[in-house]
Structure formats: structure tokens, C-alpha cells
Amino acid sequence: MAASATLHCLTGCAIGEIAGLMIGTAIGLSTGWTIALAVSLAFAFGYALSTLPLLKSGLAVGAAFSVVLAADTLSIATMELVDNLVMALIPGAMEAGLVNVVFWLAMMIALSVAFVAAFPVNRYLLQRGKGHALTHQYHGAAPVQEGFRRYLPSFSSGALAAVIVAFMLGGLSVAVADAVAGDPTPAEQVEMQGH
């Protein structure tokens, strides 16, 4: 249960953080503003992924959000602190662009370390009836099949893990392809020097 809770938080954090980095880079924000946007979106997506099952089980939006706020805040905060610290410690990771192998490898390392750091936090909270223990009673409840709730998606832990892995490998693949296409071959280098 702690692994599943941590995976839910990690998925939201990864999606939000990378979306924030992409937006910040695309519109030319400074590093500080880009990190602030990425962290804000990480919290937003982390809360959203945890709120969906509660809404699907029939809880009102306000009640669902208050439960998720109490359940996920410490886990997401731990992940974001550790993730950003690891990114800051890896040389060149914070300066690397989105189409850079260093960025994607650093992000994979940072998110893995963040998962390991947040897991004991979630386990501790669950053992004391806090954290995801607050939301567990709503998971597996018969979904409400009326109104907007019938259209809300349900994500298994396996699906969330697949999303993270696919997202990371996709970004890494684009970065590798760009690096390969961007580096002139030795023959092209000789030809450029001759002109």
C-alpha cells in the first residue's frame, strides 16, 4: 500500500514537474521561475491523481480535496525536496535543456531517489492511520455511475508506472536522437574544416 501511494505521488510529481520545465523553457522563464512552476504543477498533478478515485467513489469535490490535502502533502513535499536536491547536485542537470540526455538521465535518477525517500514517509503515515490510510477506504468502493463521475478514469499502480517509464524513455529517446543528429560525423568535420 505504501508503494502504491508513493507511486501515485511520483506519477503526479513527474508529470507536473516535467510539464513545468517544458512550459518554463518554452516561454523563456528564468531557472528560479521554471522550478517554481514545475513544483507547483507537481503538487497540482499529484493532488489531482489522488482526488480522482475519491470523486469516482462519490465524495464531493471539497471533501475529496481536503482528504487528499491531508493525505498527500508530506509525501509530495518530500519528493519535490529530494528530487530538486538531486537535480541540483548532478552537474549540468539544471542547465541542460529538455532535448538533452543529461537532463533525462538526471531526472530518472532524481525521481528514483525521490521514490526511495518518500516510501518510508508514506509507510510511516500509513502505520499511524494517516496519509493514504485516509483515502484507502474510498479505493475499491463501487464507483458512482451517474453524472460526471462515470467518466472519471481509474489508474492502477501498474498503469501509472508504465506512464512514468514511457514518458522518461520517450524524452530520453528524443534527446539521444537530437544528439546523434546534431553531432557531425568525422567526415563532415573534415569537410567543414576544408571550406
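Author: A term is needed at the outset: two residues are in contact when heavy atoms of theirs lie within 4.5 Å. The model discussed here is a predicted one.

Reader: What share of the contacts in the protein with a separation of 6 or more comes from residues 24 or more positions apart?

Author: The contacts considered are those in the protein with a separation of 6 or more.

Reader: How many helices and how many strands does the secondary structure comprise?

Author: Read from the N terminus on, the elements run α-α-α-α-α-α-α. The secondary structure therefore comes to zero strands and seven helices.

Reader: Are α2 and α3 parallel or oblique to each other?

Author: The axes of helix α2 (residues 31-56) and helix α3 (residues 61-89) come within 8 Å and cross at roughly 140°. Angles over 145 degrees count as roughly antiparallel, and 65 to 115 as roughly perpendicular. The crossing in which α2 passes α3 is right-handed. By the angle, α2 and α3 are therefore oblique.

Reader: How many nonpolar residues take part in the contact of α2 with α3?

Author: On the α2 side, the residues include I35, V39, F43 and L54, and on the α3 side they include V61, F65, D72 and E80. The residues of this contact divide into two charged, five polar and 15 nonpolar.

Reader: Is T51 buried or exposed?

Author: T51 is found in helix α2. Leaving aside neighbours within four places in sequence, T51 is in contact with A64, F65 and V68. The cut-off for a buried residue is under 20% relative accessible area. T51 has a relative accessible area of 10%, so T51 is buried.

Reader: How are α4 and α6 oriented to each other?

Author: The axes of α4 and α6 are 8 Å apart, and the two helices pack at an angle of about 160°. Their crossing is left-handed. Since angles over 145 degrees count as roughly antiparallel, α4 and α6 are therefore roughly antiparallel.

Reader: How many charged residues are there in the contact of α4 with α6?

Author: In α4, residues including W104, M107 and L111 meet residues of α6, among them F167, M168 and L172. The residues of this contact divide into 12 nonpolar, one polar and, as to charged residues, none.

Reader: How many residues does the largest nonpolar core have?

Author: In soluble globular proteins, nonpolar side chains tend to be buried together. In this model, the residues with the most contacts inside the largest nonpolar core are M79, M87, F103, W104, M107 and M168. At least two residues of this core are supplied by each of α1 (2-26), α2, α3, α4 (101-127) and α6 (157-182). The size of the core is 40 residues.

Reader: Which residues does M168 touch, not counting those up to four places away in sequence?

Author: M168 is one of the residues with the most contacts inside the largest nonpolar core. With residues up to four places away in sequence not counted, M168 touches I18, W104, M107, M108 and L111.

How values were computed: Residues numbered from 1 in each chain as written. Predicted model: local features only at pLDDT ≥ 70, side-chain atom pairs only at ≥ 80, totals over all residues. Heavy atoms only, no water. Axes fitted to C-alpha atoms, helices over the stretch in contact; angles between N-to-C directions. Helix = DSSP H or I, 4+ residues; strand = E, 2+ residues; numbered from the N terminus. Parallel < 35°, antiparallel > 145°, perpendicular 65-115°, else oblique. Left-handed = near helix turned anticlockwise from the far one by under 90°. Nonpolar A, V, L, I, M, F, W, Y, C, P; charged D, E, K, R; others polar. Core = buried A, V, L, I, M, F, W, Y, C linked by side-chain atoms within 4.5 Å. Buried < 20%, exposed > 50% of the residue type's maximum accessible area, 1.4 Å probe, protein only.
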